[in-house]
Amino acid sequence: MLTFILWLILFIICWPIALAALILYPFVWLLLLPFRLLGFAIDLSFDLVRNLFMLPFRLVGVK
C-alpha cells in the first residue's frame, strides 16, 4: 500500500517518470529474478552446511 501511495505522489509530481517506472518495473523484476534464485540457493546451501555441523550437538542434546 505504501508503494502505491508513493507511486501516486510521483505520478502527481512527474507523471512521465511514474509511467516509465510502471512500464519498466516488470522488465527490471525479470532481470533481477536470477539473482534472487541464486541468493535463495546459496541461503539453502548455508543452512544445509550449518545443520550438518549442528547435527552431532542436537543428537547429544546440547543447544
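Q: How many aromatic pairs does the count come to?

A: Rings of Phe, Tyr and Trp (its six-membered ring) pair if their centres lie within 6.5 Å. By this rule the count is one aromatic pair. The model is predicted, so local features need pLDDT of at least 70, side-chain atom pairs count only at pLDDT 80 or more, and totals for chains, interfaces and linings use all residues. Residues are numbered from 1 along each chain as its sequence is written, and side-chain values use heavy atoms, with hydrogens and water left out.

Q: Why is the pair of W7 and F11 called stacked?

A: A pair of aromatic rings is described by the distance of the centres and the angle of the planes. Planes under 30 degrees apart count as stacked, over 60 as edge-to-face and the rest as tilted. The ring centres of W7 and F11 are 5.2 Å apart and their planes stand at 25 degrees, so the pair is stacked.

Q: Where do W7 and F11 lie?

A: Helices (H or I, at least four residues) and strands (E, at least two) are DSSP runs, numbered from the N terminus. W7 and F11 are both in helix α1, four residues apart, about one turn of the helix. Helix α1 covers residues 2-13.

Q: How many helices and strands does the protein chain have?

A: There are two helices and zero strands.

Q: What is the relative accessible area of W7?

A: Buried means under 20% relative accessible area, exposed over 50%, and partly exposed in between (1.4 Å probe, protein chains only). W7 is partly exposed, at 21%. F11 is also partly exposed, at 34%. Over the protein chain, buried residues make up 2% of the 63 residues.

Q: Which residues form the nonpolar patch on the surface?

A: Patches are made of residues with over 30% relative accessible area and no salt bridge; like charges are joined within 9 Å, nonpolar side chains (Val, Leu, Ile, Met, Phe, Trp, Tyr) within 5 Å. Here the patch consists of F11, W15, L19, L22, I23, L24, F27, V28, L31, L32 and F35. Together they have about 1,200 Å² of accessible area. Helix α2 gives the largest share, ten residues. One of the patch residues is I23, which is exposed at 56%.

Q: Which residue forms a salt bridge with D47?

A: A salt bridge is a side-chain nitrogen of Lys or Arg within 4 Å of a carboxyl oxygen of Asp or Glu. The count comes to one salt bridge. D47 forms it with R50, the closest N and O atoms being 3.1 Å apart. D47 is partly exposed at 26%, and R50 is partly exposed at 47%.

Q: What radius of gyration does the protein chain have?

A: The radius of gyration is taken over C-alpha atoms; the globule rule is 2.2 Å times the number of residues to the power 0.38. A compact globule of 63 residues would have a value near 11 Å, but the protein chain has 22 Å. Along the principal axes, the C-alpha atoms fill a box of roughly 65 × 25 × 10 Å.

Note on methods:
Areas by Shrake-Rupley, 256 points an atom, 1.4 Å probe, with all protein chains shown as cover.
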